[in-house]
Amino acid sequence: MQHSKHHPYFQVRNMMKFSTALVLLFLQLVITGCKKDDSKQATHSKGITNDSVKTAKTTNEIDYNHFNIYNVSLVQRNELMDVFISVSDIYTDSLSIPSDFIKNQKDIPFEKLQYLELDSEHRKKMLTGMHLTENDSLYLFNYEFNKLQKTPLNKLKAVAYLTPYAPEGEEVDAGSYMIGFQIETQKDMGIFDRYSNAIAYFGNKDPFVQNKIKPMQWEKSATDVSKKYFSGSRFKYGKTFKFKDNDLTYYLQDFLEDDIVQERQLAVINNRNEKIFDKTIITGGDGAEFTPLNGIDTDEANRFQWTGNLFKGKPPVVFGFVSQSFGCPSITFLDKAHKDLTINCDNRH
């Protein structure tokens, strides 16, 4: 099976065709996230001291108490693409759209219903609901190319796009819209690569660590590793893979049923041969699948699993193991004291 660079996880969704010709492509990070809340990716992990996993240093303390990151979407409009970040996972105000616009929708052509720029009143409501001000900025980090883009919020349009799941002829309400910030407008599909491995944050400080994250290039491992570091699965042992990064070695173990991978276990070993982190990864949920492994199932142009320091003041991360059609991906910290971080993606169906 051929896998393109735009395979799901930080995945681009297949273009959804519908009568309005609006196409939403979710660009999800390679972390295969899963359904939010109860439908998040099912994982199990043991509490293991990770003494050799170093937290990224920071001189400016980042407030992680209400910390949200977002993926980037492309929306087709007028045969070209708008680049957009939806905040609707966090901002859920039922009055996010001007009431006159909703009330008069029968008098508005369906094409005109698909997109609107928020007026100053509703822009302010959105900023307040997000605990943001016009003095804050968008920090957009493409970790593949190590490129950070900072844009003051007062330079960005606050916009709303009608979800592609709202069929023509049916009444819409504020919940039918994806609310957020427009980054670029009316570009051709060549814009895709600029945002396919990017995550966004809104605030007054840059939370990202640069030059410290890399793709995990897997290779096949000796079979004696399987029983040494992995146990507790009801499935049959399959292939074992490894990736070495400085003083850490990552092992990934396949577990099979009828020769099909049913779960994968990740173990991280320090330079004293101590297991400092482990995690069981399953697809869980409808439409989910394991992403191809870098270097095993893919070429250099297709890289899904990543690791390294991504956030200031936080331990290293791993992500990119599962792709799915429903829910949002998440990032795993190599420290059991830190919960997985969901990437808000407004993945509605």
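# Close-up views of a predicted model

**View 1. Strand β15 and its two partners.** Strand β15, residues 248–257, is mostly covered, with nine of its ten residues buried. Please keep in mind that everything shown here comes from a predicted model. On one side of the pairing, strand β14 (residues 236–245) runs antiparallel to β15, and eight bridges join the two. One example to look for is Thr 240, whose bridge partner in β15 is Gln 253. β15 also runs antiparallel to strand β16 (residues 260–269), with nine bridges between them. Here Glu 257 stands opposite Ile 260 of β16.

**View 2. The turns on either end of β15.** How many residues lie between β14 and β15 in their hairpin? There are two, and Asn 246 in this turn has a positive phi of about 55 degrees. The hairpin of β15 and β16 also has two residues between the strands, and in this one Asp 258 takes a positive phi near 55 degrees.

View 3. The side chains of Arg 264 and Asp 254 meet in a salt bridge, at 2.6 Å from N to O. Arg 264 belongs to strand β16 and Asp 254 to strand β15, so the pair ties together parts that are ten residues apart in sequence. Are these two residues buried or exposed? Both Arg 264 and Asp 254 are buried.

View 4. The model has 17 salt bridges by the rule used here. In one of them, Arg 303 pairs with Glu 144, and their closest N and O atoms are 3.6 Å apart. This pair links distant parts of the chain, 159 residues apart: Arg 303 is in the loop between β18 and β19, while Glu 144 is in the loop between β7 and β8. Arg 303 is partly exposed, with a relative accessible area of 24%, whereas Glu 144 counts as buried at 16%. Another salt bridge joins Asp 278 to Lys 336, with the closest N and O atoms 3.3 Å apart. Asp 278 lies in strand β17 and Lys 336 in the loop between β22 and β23, so this pair ties together parts 58 residues apart in sequence. Asp 278 is buried, at 8% relative accessible area, while Lys 336 counts as partly exposed at 25%.

**View 5. The disulfide.** How many disulfides does a search of the whole structure find? The search finds one. A disulfide is a covalent bond between the sulfur atoms of two cysteines. Here the cysteines are Cys 328 and Cys 345, and their sulfur atoms are 2.0 Å apart. The link of Cys 328 and Cys 345 is left-handed, with -95 degrees about the S-S bond. Cys 328 sits in the loop between β21 and β22, and Cys 345 in the segment after β23, 17 residues apart. Cys 328 is buried at 2% relative accessible area, and Cys 345 counts as buried at 1%.

View 6. A search of the whole structure finds 19 aromatic pairs. In one of these, the rings of Phe 101 and Tyr 177 have centres 6.2 Å apart and planes at 65 degrees, so the pair is edge-to-face. Phe 101 is in helix α1 and Tyr 177 in strand β10, 76 residues apart. Both Phe 101 and Tyr 177 are buried. Elsewhere, one aromatic cluster includes Tyr 64, Phe 67, Tyr 139 and Phe 333. The charged end of Lys 314 sits over the ring of Phe 333, 5.5 Å from its centre. Likewise, the charged end of Arg 77 sits over the ring of Tyr 115, 4.1 Å from the ring centre.

View 7. Ile 69, in strand β3, is buried with a relative accessible area of 0%. Ile 69 and Ile 199 are 130 residues apart in sequence, yet their C-alpha atoms are 6.6 Å apart in space. Beyond its sequence neighbours within four places, Ile 69 has contacts including Ile 199, Phe 311 and Leu 341. Leu 138, in strand β7, also counts as buried, at 0% relative accessibility. Leaving aside neighbours within four places, its contacts include Ile 85, Leu 153 and Tyr 201. His 122 is in helix α3 and is buried at 7%.

Methods:
Residues are numbered from 1 along each chain as its sequence is written. This is a predicted model: local features need pLDDT of at least 70, side-chain atom pairs count only at pLDDT 80 or more; totals for chains, interfaces and linings use all residues. Side-chain values use heavy atoms; hydrogens and water are left out. Buried means under 20% relative accessible area, exposed over 50%, partly exposed in between (1.4 Å probe, protein chains only). Helices (H or I, at least four residues) and strands (E, at least two) are DSSP runs, numbered from the N terminus. Two strands pair if DSSP finds at least two bridges between them. Contact means heavy atoms within 4.5 Å. A disulfide is a pair of cysteine sulfur atoms within 2.5 Å. Rings of Phe, Tyr and Trp (its six-membered ring) pair if their centres lie within 6.5 Å; planes under 30 degrees apart count as stacked, over 60 as edge-to-face and the rest as tilted. A charge sits over a ring if NZ of Lys or CZ of Arg is within 6 Å of the ring centre and within 35 degrees of the ring normal. A salt bridge is a side-chain nitrogen of Lys or Arg within 4 Å of a carboxyl oxygen of Asp or Glu.
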